[in-house]
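Could you look over the model below with me? I jotted down a few points as I went through it.

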Amino acid sequence: MTPASPQAPDSGMLNAPSGWRPDAVAASLDSRWRTPVLLTTTGSTNDDCAQIAQRRSLATGEWLLVASAHQSAGRGRRGHDWSTEAGAGLLFSIATRLHVPAIRWPSASLVVGFAMIEWLRELLPTDDAIELGVKWPNDLLVGPAHRKLGGILCERVLAPEAAGDEALWIAGVGLNLRRPQTGRLPTFTAGLLELMPNDAPAEMDASALLGRVASRIQAHVDAWQLRGGFLLPEVHGAALRFCGVEVGLDLGDGRRVPAWLCGIDRTGALRVREVVAGRPTGPERPLTPLRILDAQTHPPWRAHLPHE
């Protein structure tokens, strides 16, 4: 576990560094949002968001947004690090208190992913070459080469003295604005700027983008909560990458199994069929692996990316 960022700031817009425009961020946020915290650099926005939300006694129904131009200790699922050059990504975390059973919380990362895909499809030009999708459960992929555009980390944070229903839900998002030039395997990543038309500079104002995407995530999470923490398989499944092909699934403990990916169910589990000689067989069944390792696409896609 990455250590928490030391004493996260808590003065909201006063922390806005040069480059952030607090008014542009707040313009898209409704009255349920606390004052955003906008930073130049930090350790982890997830850690900051949790600390600040607890200090501010974030109530059920309220939302908090923390963003930074750079973070030195970002992380993904299963302890993997998330790194990007300063100013090269949209790095933010949001916090709220969910009113759905804790058993439903894992599917929230998919809700955030689908909200991001919907927002990106509206932002980007309508071009068949720009294929956006969610690699279950938390990666944002783009294009026929399935390059990684971003990732999501959702966490449940409970103060030691708090009751179970007082847990905070934190969703951290890292979206590449520019393709990383350092770190592991930059060839298999993508940046939002390279996908944007040249005549849309106003759409690339990071502050405006931040407010809009946070509001979109809020709307999707609110709708998900009204459904009791269940997904809409047909709607959400349409954004899922690798449906209709053979995938390799990591079940943990070194176990890898092939399966034919059919979609997701309302709990967020994958719907799969067995594979024999490269063809699906048997009935669909739900399965919740650790991750998707690879997929038999054309050309074949392999798990070159740093996972989560």
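1. First, the ground rules. This is a predicted model, where local features need pLDDT of at least 70 and side-chain atom pairs count only at pLDDT 80 or more, while totals for chains, interfaces and linings use all residues. Residues are numbered from 1 along each chain as its sequence is written, and side-chain values use heavy atoms, with hydrogens and water left out.

2. The big picture: there are six helices and twelve strands in the protein (DSSP runs numbered from the N terminus, H or I of at least four residues for helices and E of at least two for strands). Of its 308 residues, 53% are buried (under 20% relative accessible area with a 1.4 Å probe, protein chains only; exposed is over 50% and partly exposed is in between).

3. Now for contacts (heavy atoms within 4.5 Å). Take the ones between residues at least 6 apart in sequence: 65% of them join residues at least 24 apart.

4. Next, the sheet. Seven strands make an open sheet with mixed pairing, in the order β1-β2-β3-β7-β6-β5-β4 (two strands pair if DSSP finds at least two bridges between them). At the edges sit β1 (37-39) and β4, each pairing on one side only. From one strand to the next, the twist averages 15 degrees.

5. Look at β3 (residues 89-96) and β7 (residues 168-176): eight bridges link them in the antiparallel sense. Opposite Thr96 you'll find Trp169 in β7.

6. What lies across β1, β2 (64-68), β3, β6 and β7? That's helix α2 (residues 45-55), which runs at about 145 degrees to β2 (axes are lines fitted to C-alpha atoms, for helices over the stretch in contact, and angles run from 0 to 180 degrees between N-to-C directions).

7. Now zoom in on β5 and its two partners.

8. Finally, which way do the β5 residues point? Side chains in a regular strand alternate between the two faces of the sheet. In β5 (residues 139-142), Asp139 and Leu141 point one way, Leu140 and Val142 point the other way, and all are buried.
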